[in-house]
Amino acid sequence: MFLSPVADGCSRRDVLCQLGAGFGSVVLADLLAGESRAADGRGILGGRTHHPPKVRRVIQLFMNGGASPMDTFDYKPALEKHHGQSLGPKEKPEGFVAPAGAVMKSPFAFAQHGESGRWVSSVFPHQAKIVDELAFLMAMASKTNVHGPASYMMNTGFVLPGFPCLGAWISYALGRINEDLPDFVVLPDPRGLPYNQKANFSAGFLPARHQGTLIDAGKRQPVPFLFAPEDFEFARGAADKATVDLLARMNKRHASRYPDESKLDARLASAELAARMQLSAPEAFDVTQETAATQDAYGLNRSVTADFGRRCLLARRLIERGTRFVQVWSGPQGAVNNWDNHGNIQTELAPIAESVDQPIAALVMDLKQRGLLADTLVVWTTEFGRTPFAQGSLGRDHNGGSFVTWLAGAGIRAGAAYGQSDELGYQAAEGKTYCYDFHATLLHLLGIDHERLTFRTAGIDRRLTDVHGHVVREILA
Amino acid sequence: MMENSEQVTRREVMETAAEVGVAVSLKRRPYFSRVAVAMLAGLVALGAEARGAGDEGFFRERVEPILRERCYGCHSHASGTMEGMLALDWKSGWEAGGDRGPAIRPGEPDQSLLIQAVRHTHAELKMPEEQLPESDINILVEWVKQGAHDPRTVKPVERAAAAREWWSLRDLLRPRAPLAGGANPVDAFLNARLTAEQLPIADDCDRVTLIRRLTNDLWGLPPTPDEVAEFVADDRPDAVERLIDRLLASPHYGERWARHWFDVIHFADSHGFEHDVFRPHAWRFRDYVIAALNEDISWSRFIREQLAVDVFWPEATDRVPALGFLGAGTYDHSAAVTAPMSFELLDRDDLVTQVMGAFVSTTAHCARCHAHKFDPISQEDYYSVQAVFAGIGKGNIPFDADRTIGQQRQKWQGLRKAAERRDAAVLLAAEWEVATRESIQNLAGEEIWRVLLAETFLSSSGAVLTRQVDESILASGPPPETDTLAITAISPLPRVTAIRVEVLVDDSLPMRGPGRATNGNLHLSEFELRVFRKGAVDAKPLAIRRATADFNQEAWTIEHAIDGNPKTAWGIHPREGESHVAVFELAEPLEVTPEDRLMVVLKQLHGGSHLLGRVRVSLTDSAEGVFALPADAAKALAVPPDERSNELRLALAAAVLGRRADDELARLPAPDLVYAAGPAAVNERGTVRIDMPREVRILRRGDLAQPGDVVGPGALAIWDDLPARFEGLPEQESVRRAALADWLADARNRLTWRSVANRVWHYHFGQGLSNTPSDFGQMGSPPSHPELLDWLACEIRDGDQGLKHLHRLLCASEAYRRSSSVPTQLIQADPENRLLGRGTVRRLDAEAIRDAVLRVSDALDETMTGPAISHFSQKPGAQLTPILDYSTYLWTEPGSRRRAVYGVVWRGIPDPFLETVDLPELGLPAPVRSFSASPLQALSLLNDRFLLQLSSELATQIREQSADDLRLAMRMLIHRVWLRDGTEDEVAELAALANEHGLEAACRLLFNSNEFLFVD
């Protein structure tokens, strides 16, 4: 009844086998990994890039809630001058939680630092010491003042749900550096997910394999599904090994009945990679292997910095071992423990800032000392800024008008700054950049032309940058 | 592959490009031809140096490109947009001009609107927004100065007319099936093509494979070994057809195909976005879709029910959950509160995307910011569809799952509305004559009331209170801002059912009162009755069932006196200077003794001395007719029946029938709820009641700050015989939805029928005839077999319009039966299997993996309907979104063995296992499920708690049945999971594994085997 599968034609699998590659071979896995080049382990660009890349891997630090620019990096002396005056919009703008109050000066002292003379407030004493390593986008803007759409925008380039995030696009374009580890890792704040939940790390309409792997850094087994739960003895240890080995044999036998079926091959290859991930991941995620000095530098010895420090250190370990993109989140969604400081800038911003400051500075310097900064990019981002006007009397409301992002590492002109907000820091005044420009710049550094990285869905060749985006060359080396 | 030549070309382009490391944005042929034209023009231009601004060459080479590039987008026939009624794509266009008159005065650039606009010197017109380069402006000026010579004298073709030739928009006529191809017309089309292309055709698959394929396809489940044996043994000639019929008759069919529809319309059980709130009543829609598919309702009915069942079948209250379609998508709760303008725009945008993608496979949403770049969809079209939904709110909508209760409710709601509107046609109709007469007879008179003799009375603000001869209490002295009056008394009756509060006029009060405000008004914030049992020092207010008054100030109704909210109150403006009465009915009759004390509390907290001036309280023990008759009805009652004017009769009828309706409605059970959208819905923001559609304007660049013309409801203006502007509708939102449903369900809608036929095909064969099931536009994939698609579209359009007919046709075809285990040259002949010369190996869908494990393990709970099952534990999050933990869920809890379609799909926090096996992200519609194979997926299949738990259970079953004979156990296991006999090798290998590590390990292995996870 069957046509014989053993025929005179030579299947793709035969050809590859003759090349001497086993199923574990990265090359083979790549070629067989799926339905199209999009599912390719080397990414849609087939292991190549549009132009020579400066950056191979990225760590994104995301300050969830809308980090206040005028209390951190955007020094605004005019706020002191106009403190208490009603200069804000008369009607409540879309997305403001409350009508604008009076102008409010920052409760924190600012000083200039480094050779670049960058102004930094007292909430970031450690980052103040590394300003000469950083390049700032001082006038980024969002199209919305609402957390959900704004978080989507910074992560996916669209204010609507359903679109792939930056990490997923990079995974789709470039594929993996190291097959033994997830290529796009998300380290959320253990206190909770950010706004939009997991949709911020979604592959959207790209194949599911490009979505972020959520790592619960506090768990003993941080990679989901890496090993069977302990109450299933038959799925652990030697039993697991024996099962997986026999499974591979049986699946290969099954696949031989379908000589050109790439989906079956993809399953076989993925199983092999899974086994390798089981071997590699525990080591990669074990920060206790770091020296005490390193752990202390990241702040693991202080309760206020221990969690974010551990995740920064984890990010470095992953990057070092070939994870392509790591996103580290500071702050869960909600009214507390994050950067959404509506109530009181002094008491709400200071502790969250302290929790990240030392770890961030340590991360940048550690990467530099290890030579990793030569092809690694670190970016500090948030979804929007905050109003120069008080909400209540001590807090600040959402403001997409202007906010700060910084970048450091490969391809970046250290110490540079681009753009400027207006006198009060309310709106971008010069050199306004959107997420499109930020994303275009990131892709550019990775060797990708943002206009040529596309995926066709629902009638459009979609891009991360929609129909916008300019590479911000002013901050490039 | 002639018909596919374009595709081949595109693929080649892509591959070539990919080889040199370029991700290409696929351009279509017209692009290349435009390039060619431009090149030719360039060649011509080489010889045109000497030409002046007054001749055709200058226009064609210098002027037209500027107009084309910078102006046509908003001012041309081809774009389908002519803003300001101005067309710049032919001479007559600018000669006649738009709203502001001729755009060009030849020879007078400074006086020409066009030039003023491009120079940005005109006060209002600054076009285009991003100013043209100086050099371009100079060219236009020069051209106008020289007389604006324009050779474009032929009216350009309207975009829509040209576009109607596109395959999906062409008239849908039934093609003739090729004669030679086969008995089933599906095969006739397919085989004719295979023959023409000289492609080899695979043999039929075996019977086991076929029943596996069919059962997974139609049920989303594997067959049992018994079902397989029965089918294999069935040698009747129509065995396959019988099997298909049996599968289609099972409710499992609806469970499977409903899930497909949920992908297409991005239905989930939570909002998504920042506040990813659970929708506890969304499941009603899930049950509706399953039922509708099982009933095999016609596709047009399916459309009409989901868009406007409330309009088309108002009596079918049990079908209201169909409207869950409108609430299927995301909801940005945060933006709804803080950024309502952009929220509404984008919320409706999501609905437009969903509706137009799901039913007519168009990407209408691409026209939000500008006319659709590829398809004939104007911004006006797009905003017309938005206007259809400009009157709906999303949230919980009440309905009656029991139609008889629903009809009762509708009847009494109708009567109550008529009473509110004083609709004589209803209230004085013969139907209600008897009821009215009886109700009037039952009305209690003054005799049922016993005046309360106050023992003490006290003003919290120290107002002077004096008892009057009629036992009323009169306030005097300087009026305080606010006050609370407390009266205690012994009940004159042993049983109390209601309390009456009369506010009486008095000459001592401003404007004779009855209130103490300067205009005589009063505001009763809260009414309370407490009973202090003997010796008690405290007592709680008694529950009040209902409050009525003879007159209610607008928005200050008597209900406000019992709503527990001190900020709302009852008022009587503008009927000051008259006495009024309010009656409060107790929820339960009160038994009292002379030892007990009653306390009546009258809170008057509004301020501005809106106080009661003179008040008297009475009690009754009557069960009937205790309510405050409106003043005019009371007046009517005083007139003998045969002397009452029509007006009085109406007033009386409205009072008693309104009361009757209230009583009847109170007796009905609470309505059921579904998360949907409609003229009024309840959500976290409270009741969203819109109904009267909001004004929708075309937005330039999709920007709220650049509103253009107002548009009414409508759809896509493509076909002359299917009007796309819904004119003359009453200003009511629901009729707009109905009009859109009619447009979609119309037999003349060429897209609808092609869309559904292709969608059905897509799920049966793993790819559609068109591979982009929700996009039949120029950017979509053209069908591999356009005639077959049209034939199928006619088949569903012109028959009973049910899907099952299509399922039978497709599943019974030869093409469906072809083997997927084929020699490699057969695959190389058509790698993507677009011509279907063979079968395709497909992995089970995410949900189907869980369901299959359950059925194979004999653990499937076949319960249908009901609230969604949570496969996680839950604790409160920082704000509205909870924290979910899937990893600790034990798969032994009640409901855990039901099919996956009954599980909660939390949009922003989906099940991590299902995610790894390609559950789509439901932030947007997902018309196609992608396939991926990742290391994480391999690990989740191996280590997910569900698969491990069921491995244990299956092992226990097999152990019991095999009496510890391991080889027998392995043979049984293979038979159960792979539905075939195991080979000696397989049995031996598995037995060795089981011997060493337990039967559970073998079960786990089989659940992870590709032979189980894939259907071949």
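Author: Let us begin with contact: two residues are in contact if their C-beta atoms, placed from the backbone, lie within 7 Å. The model shown here is a predicted one. Leaving aside neighbours within four places in sequence, A:Phe234 is in contact with A:Ala239 and with several residues of chain B, among them B:His997, B:Gly998 and B:Arg1004.

Reader: Where in chain A does A:Phe234 lie?

Author: A:Phe234 belongs to the loop between β6 (213–214) and α7 of chain A. Its C-alpha atom is separated by 26 Å from that of A:Ala217, and the two residues are 17 apart along the chain.

Reader: Why is A:Phe234 called buried?

Author: A residue is called buried if 20 or more other C-beta atoms lie within 10 Å of its own. A:Phe234 has 23 such atoms within 10 Å, and therefore counts as buried.

Reader: How many residues of chain A and of chain B are in contact with the other chain?

Author: On chain A there are 92 residues in contact with chain B, and on chain B 87 residues take part. The elements of chain A that each supply at least two residues to this side are α5 (147–156), α7 (237–255), α8 (262–284) and β16 (460–462). Sorted by class, the side of chain A that touches chain B holds 51 nonpolar, 27 polar and 14 charged residues.

Reader: What confidence does the predictor give to the complex and to the chains?

Author: The complex receives an ipTM of 0.81 and a pTM of 0.81. Chain A has a mean pLDDT of 88, with 91% of its residues at 70 or more. Over residues 15–40 of chain A, however, the pLDDT is below 50, and this stretch has 50 contacts in the model beyond near neighbours in sequence. Chain B averages a pLDDT of 89, and 94% of the residues score at least 70. In residues 1–50 of chain B the pLDDT is below 50, with 35 contacts in the model beyond near neighbours in sequence.

Reader: Into which domains is chain A divided, and what makes up the contact between them?

Author: Chain A is divided into domain 1 (12–41 + 226–284) and domain 2 (47–223 + 285–475). Their C-alpha centres lie 36 Å apart. The contact takes 16 residues from domain 1 of chain A and 15 residues from domain 2 of chain A. On the domain 1 side, α8(A) gives the most, with eight residues. That side divides into 11 nonpolar, two polar and three charged residues.

Reader: What makes β6 and β12 of chain A edge strands?

Author: The open sheet of chain A has eight strands in the order β6-β5-β7-β1-β8-β11-β4-β12, with mixed pairing. β6 and β12 (417–418) of chain A each have a single partner strand, so one side of each is left without a neighbour in the sheet.

Reader: How do you know that β1 and β7 of chain A pair, and in which sense?

Author: Two strands pair if DSSP finds at least two bridges between them. Strand β1 (residues 57–63) and strand β7 (residues 325–330) of chain A have six bridges, in the parallel sense; by the cut-off of two, they pair. Helix α10 (residues 303–320) of chain A lies across β1, β5, β7 and β8 (376–382) of chain A and runs at about 175° to β7(A).

Reader: Why is strand β15 of chain B described as largely enclosed?

Author: Six of the seven residues of β15 (residues 672–678) of chain B are buried, so this strand is largely enclosed by the rest of the structure. Seven bridges join β15(B) to strand β3 (residues 393–399) of chain B, and the two run antiparallel. B:Phe399 has B:Asp672 as its bridge partner in β15(B).

Reader: What do β16 and β17 of chain B form?

Author: β16(B) and β17(B) form a hairpin with two residues between them. Four bridges join β16 (residues 680–683) to β17 (residues 686–689) of chain B in an antiparallel arrangement. Within the pair, B:Ala681 stands opposite B:Val688.

Definitions and conventions
Residues are numbered from 1 along each chain as its sequence is written. Chains are lettered from A and ligands numbered from 1 in the order in which they are written. This is a predicted model: local features need pLDDT of at least 70, side-chain atom pairs count only at pLDDT 80 or more; totals for chains, interfaces and linings use all residues. Ala, Val, Leu, Ile, Met, Phe, Trp, Tyr, Cys and Pro count as nonpolar, Asp, Glu, Lys and Arg as charged, and the others, Gly among them, as polar. A residue is buried if 20 or more other C-beta atoms lie within 10 Å of its own, exposed if 12 or fewer, and partly exposed in between; C-beta atoms are placed from the backbone. pLDDT is the predictor's confidence in each residue, from 0 to 100. Domain bounds come from an automatic or database domain assignment. Axes are lines fitted to C-alpha atoms, for helices over the stretch in contact, and angles run from 0 to 180 degrees between N-to-C directions.
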